[in-house]
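Thanks for making the time this morning.

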Amino acid sequence: QLLKGKSIVETDKIDLTIPEIAENGALVPVTVTSSLHDIKKIAIVVEQNPVPLAIQLILAPELEPFLSARLKLASSSFVFAIAEGEKVCYSIKKKVKVTIGGCGG
């Protein structure tokens, strides 16, 4: 439903800034930017969360692709940034390890 039948292409034109290790899974900072110009929506998907779609942002045409927020991660997981273009969706993913009490558990 999120992709509306569009194919996904992995790209390096999306910058997903998120810590590799999160000491507190309840407050994980994330920022997404892109040099792509035809972006209509940005979504953040957390693979291991009970509800994987964490954020979906619809952009006005005159805005630069930018999103900054704090996520809640239920456990260590891949985090995907998906940017919807006119005909295709672009993505990037990063692995985030959630530690328990900052002890590397």
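Predicted model: local features only at pLDDT ≥ 70, side-chain atom pairs only at ≥ 80, totals over all residues.

**A buried lysine and its surroundings**

Lys41 is buried and yet has no salt bridge, the nearest side chain of opposite charge being that of Glu84, 4.0 Å away. Buried here means under 20% relative accessible area, with exposed being over 50% and partly exposed in between, using a 1.4 Å probe and protein chains only. A salt bridge is a side-chain nitrogen of Lys or Arg within 4 Å of a carboxyl oxygen of Asp or Glu, and for charge, Lys and Arg count as positive and Asp and Glu as negative, while His and the chain ends are not counted.

Residues are numbered from 1 along each chain as its sequence is written, and side-chain values use heavy atoms, with hydrogens and water left out.

Lys41 lies in strand β5, residues 41–46, where strands (E, at least two residues) are DSSP runs numbered from the N terminus. If we leave aside neighbours within four places in sequence, Lys41 is in contact, meaning heavy atoms within 4.5 Å, with Lys4, Gln56, Leu57, Ile58, Ile82, Ala83 and Glu84.

A search of the whole structure finds two salt bridges; another pairing of side chains is that of Glu86 with Lys40, at 3.5 Å from N to O. This pair links distant parts of the chain, with Glu86 in the loop between β8 and β9 (89–98) and Lys40 in the loop between β4 and β5, 46 residues apart. Glu86 has 47% relative accessibility and therefore counts as partly exposed, as does Lys40 at 35%.

Let me finish with a sheet. Three strands form an open sheet in the order β2-β4-β7, with antiparallel pairing, where two strands pair if DSSP finds at least two bridges between them. Its edge strands, each pairing on one side only, are β2 (14–17) and β7 (66–71). Between β2 and β4 (28–34) there are four bridges, and Thr17 stands opposite Thr31 in β4.
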